[in-house]
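Colleague: Could you pick one part of this predicted model and take me through it closely? I would like a connected account.

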Amino acid sequence: MEAQITPQEARAALDTVDRDRLRIIEEIEMPRWYWWGLALGWIALGFISDLGHAWVTAAATLIFGAVHASVAPRVASGRHRTQRLSVSEELAGPDTFLLVIAALIVLGCLTVAGGFAASADGARNPATIASMFVAVIIVLGGPLLLASVRHRAARRAVQ
Amino acid sequence: MTAARFDELIHPSTRLSLVALLAGADWAEFAFLRDRLELSDSALSKQLSTLEEAGYVHLDRPLRDRRRRVRARLTDAGLGAFNGHVAALREIVDSADSVRALV
C-alpha cells in the first residue's frame, strides 16, 4: 500500500494540493455587475422615495426586492463568478449568502438613519443623499466583503 | 476521518493538480482546467480520460450558447481517493517529522 516516495516528495505534493486549493479559493467572488446594479437600484429607490408618493415608493421597493430575490441566490454565494466553474460549498463556506443578506440589512438601516439625519439637517432630498452614500459603500465594500470570505476560506483550507 | 491510502493513479503532479482543482469545485469547465494547468487540449483530454476510466471523474457535455461544453467533476470515488491520498502524504511527512524530532 505504501508508496516509495521520500518525505520531501510527499511535502512537495502537499504543497501542490494547497496551491491548487488556493487557486480555486481565488475564484470565490461575486460579479461586479451585481454590486453596481445594487448600488444604482439603491439610489433609484432613494430618489423615488424623495418624490413623496407612498404607493410609488412601495411599488418600487417591491420591484427592487423581487428583482434582487431572483438574482441574488445565483450570485450571492460567491461560488459562481464565471460560468466556467462552480466552487464547492465546502470550500467557499456555507454562510456567504447569509453574510451578504446581513450586510444589506445593515445598509438598509444605515440608509434610513442617514435619511433621517439628512432630513434633520434640512436637506431637500434626504433619501437620495443617504442612498448615494450607501451606494458608495456597496460598490467599494462589496468586493472587500468577498475578499474577507476568501481569506477565511484560505485559512480553513491550509489548517 | 479519511483512511490514508496512497494512490498511484493520482500521484503524478499534473494529475494531482487536476484532481486537487476538481476537489474544490462542484464542477469545472474544460477550458478553465486547461488554462489553470497550462496544458494543451490533447494533454488535458488524456489526463481526464485516464481519470474517467478509473471512475474518478465524470464528464458532462451540456449544450450552452449552441456550443457543447465539457464539464468535469470528481465522483465520490474520486473524492475519496483524493482525500485518502492526501492523508497518506500527510502520514509520510508526519512520520518523517517525528523521526527527526527523536534524533
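Modeller: Start in the loop between helix H2 (30–37) and H3 of chain B, where Glu38(B) is found. Keep in mind that the model is predicted. Phi of Glu38(B) is near 55 degrees, a positive value in a residue that is not glycine. Most residues other than glycine have a negative phi. Is Glu38(B) buried or exposed? Glu38(B) has 10 C-beta neighbours inside 10 Å, and 12 or fewer counts as exposed, so Glu38(B) is exposed.

H3(B) lies across E2 and E5 of chain B. The helix runs at about 115 degrees to E2(B). That brings us to the sheet.

Which strands form the sheet, and in what order? There are four, E1(A)-E1(B)-E5(B)-E2(B), in an open sheet with antiparallel pairing. E1 of chain A and strand E2 (57–60) of chain B stand at the edges. Each has a single partner strand, so one side of each is left without a neighbour in the sheet. Neighbouring strands are turned by 25 degrees against each other on average, direction ignored. Helix H1 (residues 13–23) of chain B also packs on this sheet, where it touches E1, E2 and E5 of chain B. The direction of H1(B) makes about 85 degrees with that of E5(B).

E2(B) and strand E5 (residues 71–74) of chain B are joined by four bridges and run antiparallel. Within E5(B), Ala72(B) is the bridge partner of Leu59(B). Next, E5(B) pairs with E1(B) over two bridges, again in the antiparallel sense. Ala72(B) turns up here too, as the bridge partner of Ala28(B). Finally, three bridges join strand E1 (residues 25–29) of chain B to E1(A), and these two run antiparallel.

With 25 C-beta neighbours inside 10 Å, against a cut-off of 20 or more, Ala28(B) counts as buried. Which residues does Ala28(B) touch? Not counting residues up to four places away in sequence, they are Arg84(A), Leu85(A), Leu21(B), Leu22(B), Leu33(B), Arg71(B) and Ala72(B). Val70(B) is 42 residues from Ala28(B) in sequence, and their C-alpha atoms are 8.5 Å apart.

Compare Asp26(B), which is also found in strand E1 of chain B. Asp26(B) has 17 other C-beta atoms within 10 Å; that lies between the cut-offs of 12 and 20, so the residue is partly exposed. Leaving aside neighbours within four places in sequence, Asp26(B) is in contact with Ser86(A), Ser88(A) and Arg73(B). Ser95(B) is 69 residues from Asp26(B) in sequence and 33 Å away in space, C-alpha to C-alpha.

Step back to the wider contact between the chains. Here 21 residues of chain A are in contact with 24 residues of chain B. On the chain A side, helix H1 (7–25) and strand E1 (85–87) are the elements that give two or more residues. H1(A) gives the most, with 11 residues. By class, this side of chain A has 12 nonpolar, three polar and six charged residues.

Ile138(A) is in contact with Trp35(A), Leu38(A), Ala39(A), Trp42(A) and Leu107(A), neighbours within four places in sequence aside.

Helix H2 (residues 32–50) and helix H3 (residues 54–75) of chain A pack with their axes 10 Å apart. Their angle is about 170 degrees, and over 145 counts as roughly antiparallel, so H2(A) and H3(A) are roughly antiparallel to each other. Among the residues that meet are Tyr34(A) and Leu45(A) from H2(A), and Phe64(A) and Val71(A) from H3(A). The contact divides into eight nonpolar, four polar and no charged residues.

Technical notes: Residues are numbered from 1 along each chain as its sequence is written. Chains are lettered from A and ligands numbered from 1 in the order in which they are written. This is a predicted model: local features need pLDDT of at least 70, side-chain atom pairs count only at pLDDT 80 or more; totals for chains, interfaces and linings use all residues. Two residues are in contact if their C-beta atoms, placed from the backbone, lie within 7 Å. Ala, Val, Leu, Ile, Met, Phe, Trp, Tyr, Cys and Pro count as nonpolar, Asp, Glu, Lys and Arg as charged, and the others, Gly among them, as polar. Two strands pair if DSSP finds at least two bridges between them. Axes are lines fitted to C-alpha atoms, for helices over the stretch in contact, and angles run from 0 to 180 degrees between N-to-C directions. Angles under 35 degrees count as roughly parallel, over 145 as roughly antiparallel, 65 to 115 as roughly perpendicular and the rest as oblique.
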